[in-house]
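Thanks for coming. I have one model to go through this morning, so please have a look at the sequence and the structure before I start.

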Number of protein chains: 2
Amino acid sequence: MCIFVIFGKTARTPIMLADKGKVTIYDVARRAGVAISTVSRVLNNSPDVSDRTRIRVERAIEDLNYRPDRTAKSLAQQERLMLAVALPSFTSPFHNELLKGIRSAIRKTQLDLLLSDLGSKLRENSLFSFLQRGAVGGLLLAGVQIDERIATELKALQSPVVLIGGQWPAFDGFMWDETAGAQQAVSHLVGLGHRRIGMIRIQRDSRIQVLRITGYQAALREAGIDFDPTLIVSGETEKHAGFSEEAGFEAMNKLLASHPDITAVFASSDVQAIGAWAAITESGRSVPDDIALVGYDDIKTSRYIGLSSIDQNMQTIGERATELLLSRLSGANKEPARTTIIQPVLRVRRSSGTRRTLS
Amino acid sequence: MCIFVIFGKTARTPIMLADKGKVTIYDVARRAGVAISTVSRVLNNSPDVSDRTRIRVERAIEDLNYRPDRTAKSLAQQERLMLAVALPSFTSPFHNELLKGIRSAIRKTQLDLLLSDLGSKLRENSLFSFLQRGAVGGLLLAGVQIDERIATELKALQSPVVLIGGQWPAFDGFMWDETAGAQQAVSHLVGLGHRRIGMIRIQRDSRIQVLRITGYQAALREAGIDFDPTLIVSGETEKHAGFSEEAGFEAMNKLLASHPDITAVFASSDVQAIGAWAAITESGRSVPDDIALVGYDDIKTSRYIGLSSIDQNMQTIGERATELLLSRLSGANKEPARTTIIQPVLRVRRSSGTRRTLS
DNA sequence: CTGTTAGCGCGTTCAC
DNA sequence: GTGAACGCGCTAACAG
């Protein structure tokens with residue numbers, strides 16, 4: 001800290017700024033013997049400053065260890081230098097990948113990243129309080145089912161919004177073809193010779209869930225396999241709306257008990273698949289030799305335990321979504337909002353053996 | 001959108017706000033026929049408002065779909081409603097756990113979370129540009145080695161700082177007893193009967209690395225085992241400063257080639273351990289039956305592939321660090337800055353078999 | 001209880 | 001080139 005003499009006419013700032021208190025642009029101006037507008041010009045690299053004054057100002061900045069206040073800057077310029085991102089969780093590998101993509105797109109800019117995880121239960125409240133904070137340049141919203149109320153709130157933001165895994169007429173969005181993904185997964189299992197294929201679902205009757213079951217049925221129909229509703233089970237654990245290892249574990253145990261003859265399972269999420277894997281292993285069988293397993297969503301762990309998965313390319317989507325948001329933000333993109341459908345890709349982690357009966 | 005009549009004396013706002021343009025507190029005041037301060041009172045739940053006017057104002061807010069501007073509020077109140085968190089990566093399971101803890105502590109407050117991952121290579125630049133943004137209430141800095149320059153920047157923030165995994169006289173910090181952790185890991189292996197114990201290190205000669213090697217040596221000494229420097233190897237891949245699966249994979253392969261008689265390995269990080277696991281598995285041996293593996297840092301995958309690990313309780317630390325920051329922020333905590341040492345804990349994932357020679 | 005007014009720190013015309 | 005003055009949207013005394 002340093003003490004310095006105050007001279008010149010004090011514009012509007014109270015004189016006492018002694019040793020503590022924030023260093024503002026006024027202090028710098030005084031120290032350099034110029035007006036604040038000049039300091040501002042230096043800060044913003046305006047060419048209209050003589051080298052001599054520029055150096056003087058820079059010295060003053062250095063001496064005072066001054067840093068411009070982003071809040072004030074943001075208010076004065078009427079532009080928000082912040083991108084808000086809201087997703088259900090930071091930690092799920094699924095959303096983690098998404099975050100990675102978002103970050104890599106943001107890194108190229110000067111924008112800040114305001115992050116919020118909505119949680120599973122209190123989703124509504126967290127979402128609303130987050131949105132009502134306002135003062136963001138743009139918003140990326142992932143994994144949220146949009147309704148009239150949310151849409152209103154989104155519009156109140158008065159800034160561009162891009163949805164990931166959701167859709168609404170007024171907003172840009174990215175969605176996956178869930179049906180095609182599920183069908184791909186189950187067809188893969190069918191192709192390996194399996195005919196008794198279980199499915200682990202989530203509890204809630206979400207739109208996504210319906211679509212995946214449709215895909216599951218389509219694959220069976222295509223192969224001429226009868227649909228057996230009892231092969232579709234869910235766990236009891238409600239954590240994360242059933243997208244949890246626990247739920248997968250419980251569901252798999254149910255399946256093993258009620259249908260000991262199944263040789264393959266399609267799980268609705270990566271974490272469920274992990275739980276199912278644990279259940280299978282504990283029962284003394286192995287993946288994929290005894291029971292083939294395909295899970296939705298990519299996860300690193302998969303490759304260590306040999307399960308195939310439907311990859312949604314989260315990272316790529318995160319990047320694309322952010323880039324779209326940025327283009328909206330800069331005003332370069334004036335096209336009407338549009339929802340883009342992404343085709344999930346099946347990744348075979350380890351060549352599963354063909355159908356074998358449990359002995 | 002709605003058109004509304006403008007009446008009363010227009011204070012300072014230009015009249016034309018037509019259909020577009022931001023809805024401000026002035027618009028609400030006009031609409032409700034009150035002064036802006038009254039609107040402000042309603043917004044901030046001041047008791048000094050009659051129910052009648054409160055309702056009028058609330059109606060106006062509703063009608064105009066008004067949302068207060070946090071930037072302006074923040075500037076006016078001279079308090080930053082934002083916590084900045086900077087860590088090397090979002091995606092590493094290690095930091096992910098940290099983030100989880102931070103979030104759970106923040107959730108209890110009204111604060112926003114400004115997040116930045118520093119990356120591994122461009123660390124310096126990202127860190128500085130992030131810090132120079134300023135305008136944050138407090139900062140949580142993880143995994144950064146503090147030096148004079150960084151400390152200066154940190155001080156310029158003029159807001160409380162808590163370091164995680166770093167230390168500096170002027171700032172609060174949390175550190176792990178790396179030596180004790182490594183010693184614990186290796187002692188565990190010794191206790192299982194192993195005597196040829198390899199160590200996978202990172203490339204850089206960071207302080208942490210030195211401490212861990214010290215712990216490794218201490219455990220050997222305690223057991224009367226001679227220290228063989230060639231048992232400490234690192235991978236070639238420089239990604240993430242050697243904290244990567246690739247590096248672990250390469251290092252493990254080196255070890256298997258140069259010391260086919262080793263029966264246990266201590267890896268410097270969870271991801272390295274995963275890489276090592278892959279190398280061991282590919283060589284036809286298994287973990288932990290043929291080669292026992294202990295990795296630093298907790299990771300979920302561990303339990304699926306049976307490796308023990310040194311758990312640093314990242315989530316708990318994240319929470320404690322954030323709470324400390326919050327207490328500093330509120331001014332409740334006036335104690336001098338202090339660095340807290342955390343004792344890592346060994347978690348045995350699956351009871352490793354005792355030493356077996358490779359046949 | 002309610003209105004007036006002066007800042008918060010900075011950007012940005014306009015004159016000079 | 002440089003400076004004075006106003007405004008960004010809101011809070012916080014201080015009057016009334």
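**Core, sheet and DNA contacts**

Let me begin inside chain B. Leaving aside neighbours within four places in sequence, Leu140(B) is in contact with Leu83(B), Val85(B), Ile102(B), Val162(B), Ile164(B), Ala321(B), Thr322(B) and Leu325(B); contact here has two C-beta atoms, placed from the backbone, within 7 Å.

Some housekeeping. This is a predicted model, in which local features need pLDDT of at least 70 and side-chain atom pairs count only at pLDDT 80 or more, while totals for chains, interfaces and linings use all residues. Residues are numbered from 1 along each chain as its sequence is written, and chains are lettered from A and ligands numbered from 1 in the order in which they are written.

Leu140(B) belongs to the largest nonpolar core, which has 82 residues. Leu83(A), Leu140(A), Ile164(A), Leu83(B), Leu140(B) and Ile164(B) have the most contacts inside that core. A nonpolar core is a set of buried Ala, Val, Leu, Ile, Met, Phe, Trp, Tyr and Cys residues joined through C-beta atoms within 7 Å. Buried is 20 or more other C-beta atoms within 10 Å of a residue's own, exposed is 12 or fewer, and partly exposed is in between, with C-beta atoms placed from the backbone.

Next, the sheet. In chain A, an open sheet of 6 strands runs in the order E7-E6-E8-E9-E10-E12, with mixed pairing. Its edge strands are E7 (232-234) and E12 (345-347) of chain A, each pairing on one side only. Strands pair if DSSP finds at least two bridges between them; helices (H or I, at least four residues) and strands (E, at least two) are DSSP runs, numbered from the N terminus. Strand E10 (308-311) of chain A is antiparallel to E12(A) and joined to it by 3 bridges. Within that pair, Ile310(A) stands opposite Leu346(A). Helix H11 (270-282) of chain A packs on the sheet, touching E6 (197-201), E8 (264-267), E9 (292-296) and E10 of chain A, and its direction makes about 155° with that of E9(A). For that angle, axes are lines fitted to C-alpha atoms, for helices over the stretch in contact, and angles run from 0 to 180 degrees between N-to-C directions.

Now the DNA. Which residues come nearest to DNA strand D? Of the 30 around it, they are Ala35(A), Ser37(A), Ile25(B), Ser40(B) and Ala76(B); near has the C-beta atom, placed from the backbone, within 6 Å. The largest share of this surface, 5 residues, comes from H4(B). DNA strand C is surrounded by 31 residues, the closest being Ile25(A), Ser37(A), Asp69(A), Ala76(A) and Ser37(B).

Between the two chains, the contact takes 30 residues from chain A and 31 residues from chain B. On the chain A side, E2(A) gives the most, with 6 residues.

Last, some backbone details. Most residues other than glycine have a negative phi, and most peptide bonds are trans. Gln158(A) has a positive phi of about 55° although it is not a glycine. Gln158(A) lies in the loop between helix H7 (148-156) and strand E4 (161-164) of chain A, and counts as partly exposed because it has 13 C-beta neighbours inside 10 Å. Asn313(A), also not a glycine, has a positive phi of about 55°. In chain B, the peptide bond from Val287(B) to Pro288(B) is cis, with omega near 0°.
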